[in-house]
Amino acid sequence: MDSVTQLVLGSAIAAAIAHKQLGRSTLAIGGVLATLPDLDVFLSATDAVTRFTEHRSFSHSLFVLFPFALICFALLRYCFKVKLSTEVISNQRLFWLCCLPLVTHPMLDAFTSYGTQLFWPLAIPPISIASIFAVDPLYTLPLLIGCVYLWRNSEDDKKYKARKVNNIGLILSSGYLLLGLLLQMQMQKKVESVLQMNNIAQDKLFISPLYPSLNWWWAIVIDKGVYYDVKINVLTNSLVLSVKKDLGHNHLDVYPPAFTSLDWFTNGFIRLEEFEGQLVATDLRMKTGELDYAFKFALATKENDGWKEISPLRL
C-alpha cells in the first residue's frame, strides 16, 4: 500500500494500544515504525529487476520484524526509564506498541498485487492476495480521519471520544479489507463459470481490483502458453472475456536470470514481446488502466544472430 496508508494504519494501531498511557506520542511512534519497512527502496540494486524483486523482501519479513520489534521495545523502555520517574506503560503494552505497527505493514502489503515476501529468507514465492488496490482512499480515509481527530482532541475531556473515533476508523478499514476478500471470492466464481462455458482450461488464475475501488476487477487466466483477460463490473454484473493472447515465452531458447527472477516473483504471470528491437517482459498482474501495465522490463536487444542479453531496464 502507499506510504500515507501505512503511516496512518501504524498510528491508528499504536493509538488503540497505548494512547491512554502515552497520549499523542503514540501516533508519532506508530507512524514512524509503520514507515520503516519501506525504507528498503533507498537501498542500491544492481539492476531494475533486482530492485523490483527485492523490494518487500527482508524488510517485510516477519522473521526480521519480530526481532526488530524487540530492539525497538528495549530502546523505548530505556528512554521512558530515563525521562520518566514513574511507570507509565507496562512492558507487555509497550512491546505490542512496537510490534503491531511493524508487522501489520507487510501483512497489509500482502493484500495487494505486488507480492510480499513475508517469510524471507525461505524460498517461498511472494504472497499476493490481491484483494485491494495499492492506493485505495476508501480504505485510508477512516484511518486518516481517526488519527487526525485524535491528534486534534487530546485534551482530557475529549480523549475518550477521540479514542472511540480512532477505533471506529480501524473497524471500518478492516471491514473494507474483508469486503474486498468476499468480493474477490465472488469474482473468482464468476470467472470460473465463464471459463467453463467457453471450454477454457486454466493453469493459473489471478484476480485483483483494477482501480482504487472494489467495483472494477481484472482477472488473468493462463493456460498452456496463452492467457486471457477478464474484466468484471460488480455493480452492473457484467463480464468481458478477451481473445486468446500469446505469452511469448517462445522468443527465447535459454532464459536469462532476470526472466527467471521475474517468473518466480510473479508466479508465472509474465509476458514476453518484441518492442522496438527490445525483448520486453511485462508483469501481467498490475495494470494501470485498461491498456498499460505498471512494470515492464527490457531484458535483451535484437541482433542479427538473435537476442543479446542486457542489464535489465525498467520501461
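Visitor: Which residues of H2 and H5 meet?
Guide: This is a predicted model. In it, Ile29, Gly30, Leu33 and Ala34 of H2 meet Leu97, Cys98, Pro101, Leu102 and His105 of H5. By class, that contact has seven nonpolar, two polar and no charged residues.

Visitor: How do the axes of H2 and H5 cross?
Guide: They cross at roughly 40° and come within 8 Å. That makes H2 oblique to H5. The crossing is right-handed. H2 covers residues 25-35.

Visitor: And H1 with H5, at what angle do they cross?
Guide: At roughly 160°, with the axes coming within 9 Å. H1 is therefore roughly antiparallel to H5. The crossing of H1 and H5 is right-handed. H1 spans residues 3-22, and H5 spans 91-109.

Visitor: Next pair. How do H6 and H7 pack?
Guide: H6 is residues 137-152 and H7 is residues 159-197. They pack at an angle of about 170°, with axes 8 Å apart. So H6 is roughly antiparallel to H7.

Visitor: Which residues in H6 meet H7?
Guide: Leu138, Tyr139, Pro142, Leu143, Gly146, Cys147, Tyr149 and Leu150. Their counterparts in H7 include Val165, Leu170, Leu172 and Tyr176. The H6 and H7 contact has 13 nonpolar, four polar and two charged residues.

Visitor: Switching to strands. What order do the strands of the open sheet take?
Guide: The order is E6-E7-E10-E11. There are four strands, and the pairing is antiparallel.

Visitor: Which strands stand at the edges?
Guide: E6, residues 270-275, and E11, residues 306-314. Each has a single partner strand, so one side of each is left without a neighbour in the sheet. From one strand to the next, the twist averages 25°.

Visitor: How many bridges join E6 and E7?
Guide: Six, in the antiparallel sense. E7 covers residues 278-283. As one example, Arg271 has Thr282 in E7 as its bridge partner.

Visitor: New topic. How many aromatic pairs does the structure hold?
Guide: Twelve. One of them joins Tyr114 and Phe265. Their ring centres are 5.5 Å apart and their planes are at 80°, so the pair is edge-to-face.

Visitor: Where do Tyr114 and Phe265 lie?
Guide: Tyr114 is in the loop between H5 and H6, while Phe265 is in H8, residues 257-265. The pair therefore ties together parts that are 151 residues apart in sequence.

Visitor: Back to the backbone. Is the peptide bond from Trp120 to Pro121 cis or trans?
Guide: It is cis, with omega near 15°. Pro121 sits in the loop between H5 and H6. That loop also holds Tyr114.

Visitor: Last one. What is the phi of Lys224?
Guide: Positive, about 50°, although Lys224 is not a glycine.

Visitor: Where is Lys224?
Guide: In the loop between strand E2, residues 216-223, and strand E3, residues 226-233.

Terms used. Residues are numbered from 1 along each chain as its sequence is written. This is a predicted model: local features need pLDDT of at least 70, side-chain atom pairs count only at pLDDT 80 or more; totals for chains, interfaces and linings use all residues. Side-chain values use heavy atoms; hydrogens and water are left out. Axes are lines fitted to C-alpha atoms, for helices over the stretch in contact, and angles run from 0 to 180 degrees between N-to-C directions. Helices (H or I, at least four residues) and strands (E, at least two) are DSSP runs, numbered from the N terminus. Angles under 35 degrees count as roughly parallel, over 145 as roughly antiparallel, 65 to 115 as roughly perpendicular and the rest as oblique. Contact means heavy atoms within 4.5 Å. Ala, Val, Leu, Ile, Met, Phe, Trp, Tyr, Cys and Pro count as nonpolar, Asp, Glu, Lys and Arg as charged, and the others, Gly among them, as polar. A crossing is left-handed if the near helix is turned anticlockwise from the far one by less than a right angle, and right-handed if clockwise. Two strands pair if DSSP finds at least two bridges between them. Rings of Phe, Tyr and Trp (its six-membered ring) pair if their centres lie within 6.5 Å; planes under 30 degrees apart count as stacked, over 60 as edge-to-face and the rest as tilted.
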